[in-house]
Amino acid sequence: MREERKTLTRYTIEAEHRHPGSTGDFSGLLNAVATAVKIISNQVGRGALVGALGSAGVQNIQGEVQKKLDLISNEVMVGETEWTGHLAAMASEEMEGIYPVPATGQRGKYLLVFDPLDGSSNIDANISVGTIFSILRSPDPAVQPVVEHFLQPGVAQVCAGFALYGASTMLILTTGDGVDGFTLDRDIGAFVLTHPKLRIPEDCGEFAINASNERFWEPPVRRYIQECLAGGTGPRGRDFNMRWIASLVAETYRILTRGGVFLYPRDSKEPAMAGRLRLMYECNPISFIVEQAGGGASTGRERVMEVQPTGLHQRVPLILGSRNEVLRIERYHREQASGHDQTFDDSLFNSRSLFRIP
Ligand code: MN
Ligand code: MN
């Protein structure tokens with residue numbers, strides 16, 4: 001008997017069959033995104049062989065050095081989706097303004113927002129990178145799209161996903177009915193459903209944070225990490241492990257497979273910045289996936305997906321992962337705000353580094 005394998009194409013068409021009246025636009029768009037992801041995966045995988053590594057010698061709108069692969073990936077995402085007729089416009093980390101579909105093309109009903117290459121500062125070190133995307137409904141497909149059409153909170157997302165270019169290339173997807181994971185079968189050039197219904201364990205023993213920013217953290221985050229570091233003899237009564245890849249897609253996938261919590265909190269390093277990660281094309285799609293897998297995603301003070309966006313490239317704090325840990329960190333923020341901070345040993349914060357051995 002032939003082994004039954006479900007490709008992404010079949011998965012999306014079957015999903016449309018379950019929704020009578022659907023037009024096929026959505027599966028068409030998703031499969032175009034999947035094609036873009038396969039092309040980017042190929043470029044990332046060939047790396048130096050195709051001269052794709054290194055800096056492009058320019059900066060993006062956010063003052064970050066663009067890598068050649070940032071620009072290649074952006075061009076691939078635009079080129080593989082703009083012709084489909086399913087989009088009204090798109091927005092990307094690598095483009096300052098929105099990109100309406102060319103006037104010559106048919107205008108569709110969806111908006112596509114993406115980070116073409118997440119984690120790209122790590123690309124030359126051959127650390128896993130990925131592509132993040134979010135699909136929104138165009139509020140008024142009859143008119144020329146404007147930035148305001150994109151400024152919808154994360155709860156309005158129709159679909160979110162990310163690709164991970166790791167040892168395997170994977171595609172993780174949600175349309176609001178759980179999270180499914182696909183692995184790219186390079187022999188047949190198709191994504192195959194390998195990880196149906198991913199669930200994040202509610203409790204965990206791993207945290208991920210850039211500890212070099214410790215001195216800039218706010219008290220609730222310092223309290224949480226201090227308690228984790230105190231281990232079995234501290235208030236948590238158990239030992240924790242630490243992980244830090246500095247690649248949001250890789251951190252998220254690890255948490256999807258074995259739980260954990262990831263923090264890029266607000267800090268005082270650059271007070272003008274509310275956080276490091278971008279709401280529209282990093283935090284919202286990743287939060288949608290994490291929540292659909294049973295986890296939590298918060299700024300510390302509110303649910304990420306309920307933040308009303310004010311700009312395409314807006315940044316927010318991001319705390320995500322195992323539900324009970326995220327709830328605990330939110331509680332620490334509330335307790336601090338209300339002056340009832342139950343910090344177990346405040347003197348530790350002032351007298352020594354978290355990482356110095358006593
Ligand atoms: Mn990114
Ligand atoms: Mn990027």
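Strand E3 (residues 87-92) and strand E4 (residues 99-100) run antiparallel and are joined by 2 bridges. Strands (E, at least two residues) and helices (H or I, at least four) are DSSP runs numbered from the N terminus. Two strands pair if DSSP finds at least two bridges between them.

This is a predicted model: local features need pLDDT of at least 70, side-chain atom pairs count only at pLDDT 80 or more, and totals for chains, interfaces and linings use all residues. Residues are numbered from 1 along each chain as written, chains are lettered from A and ligands numbered from 1 in the order written, and side-chain values use heavy atoms, without hydrogens or water.

**Exercise 1. Which residues hold the manganese ion (ligand 1), and where in the chain do they sit?**

Step 1. List the protein donors. Donors are N, O and S atoms within 2.8 Å of the metal (3.2 Å for Na, K and Ca); water is not among the atoms, so sites may look incomplete.

Step 2. Read the spacing along the chain. The pattern is D-x2-D-x163-E. Asp118 belongs to strand E5 (residues 110-118) and Glu282 to helix H7 (residues 279-292); this pair, 164 residues apart, links distant parts of the chain.

Step 3. Asp118 counts as buried because its relative accessibility is 4%. Glu282 counts as buried because its value is 2%.

**Exercise 2. Which residue coordinates both manganese ions, and how far apart are they?**

Step 1. Collect the donors of the manganese ion (ligand 2). They are Glu93 (OE), Asp115 (OD) and Leu117 (O), at 2.1 to 2.3 Å. Their spacing is E-x21-D-x1-L. Glu93 sits in the loop between E3 and E4, and Asp115 in strand E5; 22 residues separate this pair, which links distant parts of the chain.

Step 2. Asp115 coordinates both ions, which are 3.7 Å apart.

Step 3. Asp115 is buried, since its relative accessible area is 0%. Glu93 is buried too, at 5%.

**Exercise 3. Describe the largest pocket and the second largest pocket.**

Step 1. On a 1 Å grid over the protein atoms alone, a pocket is an open set of points where a 1.4 Å probe fits, with protein on both sides within 12 Å along at least five of seven lines; lining residues have an atom within 4 Å of a point. Volume is the space filled by probe spheres set on the points, which are joined across faces, edges and corners.

Step 2. Take the largest pocket. Its volume is about 690 Å³. Of its 35 lining residues, Glu64, Ser121, Tyr264, Arg276 and Leu277 lie nearest the centre. E5 is one of the elements that supply at least two lining residues.

Step 3. Take the second largest pocket. It holds about 550 Å³. Its lining has 26 residues, with Ala15, Glu16, His19, Phe26 and Thr175 nearest the centre. Helix H1 gives the largest share of this lining, 5 residues.

How values were computed:
Buried < 20%, exposed > 50% of the residue type's maximum accessible area, 1.4 Å probe, protein only.
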